[in-house]
Amino acid sequence: MAPPFPYAGYSEDVVRRVRVLFGGKFVVDAQKPKLVWEHPYFPCYYFPKSAVSFDHLQNARLLEDSSKEKLYYDLVVGDRTAEAAVILFQDGPFKDFVKVVFDKADAWFEEDERVYAHPKDPYKIFPSSKHVRVEIDGVEVANTRKPKLLYETGLPIRYYIPMTDVRLDLLTPSDSVTTCPYKGDASYFDITLPSTGAKKEGLVWWYKTPTLESAEIRGHVAFYDEKLDVWVDGVKQERPVTK
């Protein structure tokens, strides 16, 4: 969990697709990048080497004013060149990670949303095109390719799914209500399984009138992933553990 004001040198891994565009090519496509606070004001991304297209890196060298742990590359696509745009860390705590100088690329994307100036705070809502399926006891209750991914401090990613992609016929409103200072008042649904009639209580929630800062999740529902089975892009996710 990130501290309220990350200190210089703090880092954390994030499960978020990040792509870097240059010269019409995605030169980075990372599913699990690292957010690094080089100073306490805002983070930047470091990428594992496997997420970087080294075919577009040329002229590796050390710069006179840099430490020996940093190997610099020019970023080259066709007739486009961005000098010293890519840094490979050869030693230290970020050995074998790669940094792209933010303003030397043409565009950056977190999931399917373009990012300007620098990476955002890690706890936000992102539109995504990931394929998310939710099952309970083998019954599919949601299937979407347009989820909203919500990141919160110390909590697993929550996949907010449009109601049009949810088996609403299996959901029954419950009387449960909880309140979040960031999102507003949440209402809950119970799930009734069609084959057995078994009722699974409190596994689905939504915000009818979310706060302004969370308005993007209006009309979406989230599932209690700790007690359901979730597939993302065909990969079954481990059930998160929360306190």
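This is a short tour of a predicted model, from its domains to its cores and then to one arginine. Local features require pLDDT of at least 70 and side-chain atom pairs pLDDT 80 or more, while totals for chains, interfaces and linings use all residues. Numbering starts from 1 along each chain as its sequence is written, and side-chain values use heavy atoms, with hydrogens and water left out.

Start by colouring residues 10-121 as domain 1 and 132-237 as domain 2; the bounds come from an automatic or database domain assignment. The C-alpha centres of the two domains lie 34 Å apart.

Next, select Val 20, Val 28, Phe 47, Leu 75, Val 86, Val 100 and Trp 108, which touch the most other members of the 29-residue largest nonpolar core. Such a core is a set of buried (under 20% relative accessible area, 1.4 Å probe, protein chains only) Ala, Val, Leu, Ile, Met, Phe, Trp, Tyr and Cys residues joined through side-chain atoms within 4.5 Å. Elements giving two or more residues to this core include β2 (18-22), β3 (25-30) and β8 (80-89). A second, separate core has 26 residues, among them Ile 136, Leu 203, Val 221 and Val 232.

Zoom in on Trp 108. Beyond four places in sequence, Trp 108 has contacts (heavy atoms within 4.5 Å) that include Val 20, Phe 47, Val 100 and Arg 114.

Finally, select Arg 133, in strand β13 (residues 132-136); strands are DSSP runs of E, at least two residues, numbered from the N terminus. Arg 133 counts as buried because its relative accessibility is 19%. Leaving aside neighbours within four places in sequence, Arg 133 is in contact with residues including Glu 140, Asp 229 and Trp 231.

Notes. Helices (H or I, at least four residues) and strands (E, at least two) are DSSP runs, numbered from the N terminus. Buried means under 20% relative accessible area, exposed over 50%, partly exposed in between (1.4 Å probe, protein chains only).
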